[in-house]
Amino acid sequence: LFLGNGPSGICLSYLLSGYVPYFKRDSIHPHSILQRKLEEAPDVSILDQDLEYLSEGLEGRSHSPVALLFDTLQRPDTDFGGTAESVLTWWHEANRAVPHLVLGKNPPGGAWHSIEGSMITLSRGEWMGLPDLPFKDWLKQKKRGLRNDRATAEDIAQYYQYYVMKKGLQKNFRCGTVVTSVRKVTTESLSNHAQKDLQEGSDSPWNFTEENTEVFKVDGFFKNVEGDKEPFSVYAENVVLATGTYDRPTWLGVKGENLSYVHHQLSALEEAVKDSSISIVSDPVLIVGAGLTAADAILFAHYCNIPVIHAFRRRVNDPGLIFNQLPKMMYPEYHKVHQMMKEQTAACSGPYECYVSLPEHHVLSFGKDKKCILQDQNGYQKVYKISMALVLTGSNPNLSFLPNNGIDLAMDCDQPVNPKRNPIDVDPFTYACIQEKGLYALGPLAGDNFVRFVQGGALAVASALLKKANKNPP
């Protein structure tokens, strides 16, 4: 059972639906040591090989060895600007399919359906693709090209839906579902009806003959066509957490943050402009944060001539700031925001109208009169009259359906799960949760924050589950 139907869940569903990757004969991989390893067992699928052995010595933009392996097999020299074809060929071996269900709130594609459709992806378009259906090939069918090698969120969301349909995965997906609880129970404690379902379920690969076998009971609800909530309970021996981190925006935790003019999503600004409650003559919009979502909000406001006050904690030349890590040629619009942040501070006016940058500032409080108090690094405070505030400082996963909000599964069991600072602790070659047998974590929950790298986690989980279900060839 997978919780989450974004790119991680889609990729894993593909691998567990009998689609098996092999090394394509006569292909040449630019990494000579990996090439030699791949030639050692060309008739054995990648899923059945030793992933630790194959990934040893690979380097790249991910900390996960399996993520680097699957990425380089699909896009051999992409980090060097090359366009070498994948060295994988895919075979459909129906006898190796493992029955599974993919649950998600949105249509296939997950959070990509919640992002403003015109937003341009940070990653290159070709890196957003899933196995055996290159994104650029799908885009060509729509008679469109990539802007600056990048794609819109709307394109990505449509591509993921198309992928599920094209690969025949729809039967595994249950959209419009919300999971409220995942708990371990013993098969002994289940009703006779549930036990029978588990033991005699349609071609179930799992063996429940052991006494006191533990399984997961997953509760939730789905919305029917009338919009009513219908509860459900599902039992599974293995549960894959692939819910991403888009669910719960980060709050500052300051006084007045719950007032109606303070928002935590970019869509609030878009709505306000659409219904004309914010305009060129309004008091400034306060944007808090120095990540890409904050930059998107600034670009949107700038385009609509909405005045902006931009507050963020870091220095503009801080190497940890995302803008200092992006190539200028590939990301001209984000480079422009960074330029504005540097040149248009309150201390010195620059060439950009309707925008003021406040580096090394943080919010102390929001008032009912729409006055916001900000403090700089020297402790000086200043009051600004604003029309609305957008706090865009990242988001956290919502794991409220797990015992103790999933904190016990994290690398640091005293802190909440965070994709960058405190991901779920998983085995690097199976993505099994170290603290809970039968539970797996994929994507941002396991520290893989880019679509191109979440697929390696899916490969690791698929390989582990196929071994567990004895679906590997002898």
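In which sense do strand E11 (residues 239-241) and E22 pair, and over how many bridges? Select both in this predicted model and you'll see E11 and E22 running in the parallel sense, joined over three bridges. Zoom in on Val240: the residue standing opposite is Tyr440 in E22.

Now widen the selection to the whole sheet. Five strands make up this open sheet, ordered E7-E4-E1-E11-E22, with parallel pairing. Strand E7 (173-175) and strand E22 (439-441) sit at the edges, each pairing on one side only.

Next stop, the nonpolar core. The largest one has 87 residues, and the members touching the most others are Leu3, Leu12, Tyr160, Val239, Leu241 and Ile424. H11 is the top contributor to this core, giving 10 residues. Pick Ile424 and show its contacts: leaving out residues up to four places away in sequence, Ile424 touches Leu241, Leu409, Ala410, Val417, Cys433, Ala441, Leu445 and Ala446.

Last, show helix H4 (residues 65-74) together with helix H11 (residues 451-468). Their axes come within 7 Å and cross at roughly 110 degrees, which means H4 is roughly perpendicular to H11. For the side of H4, select Val66, Ala67, Leu68, Phe70, Asp71 and Gln74; they meet Arg452, Phe453, Gln455, Gly456, Leu459 and Ala460 in H11. Color that contact by class and you get seven nonpolar, three polar and two charged residues.

Notes. Residues numbered from 1 in each chain as written. Predicted model: local features only at pLDDT ≥ 70, side-chain atom pairs only at ≥ 80, totals over all residues. Heavy atoms only, no water. Axes fitted to C-alpha atoms, helices over the stretch in contact; angles between N-to-C directions. Helix = DSSP H or I, 4+ residues; strand = E, 2+ residues; numbered from the N terminus. Parallel < 35°, antiparallel > 145°, perpendicular 65-115°, else oblique. Contact = heavy atoms within 4.5 Å. Nonpolar A, V, L, I, M, F, W, Y, C, P; charged D, E, K, R; others polar. Pairing = 2+ DSSP bridges. Core = buried A, V, L, I, M, F, W, Y, C linked by side-chain atoms within 4.5 Å. Buried < 20%, exposed > 50% of the residue type's maximum accessible area, 1.4 Å probe, protein only.
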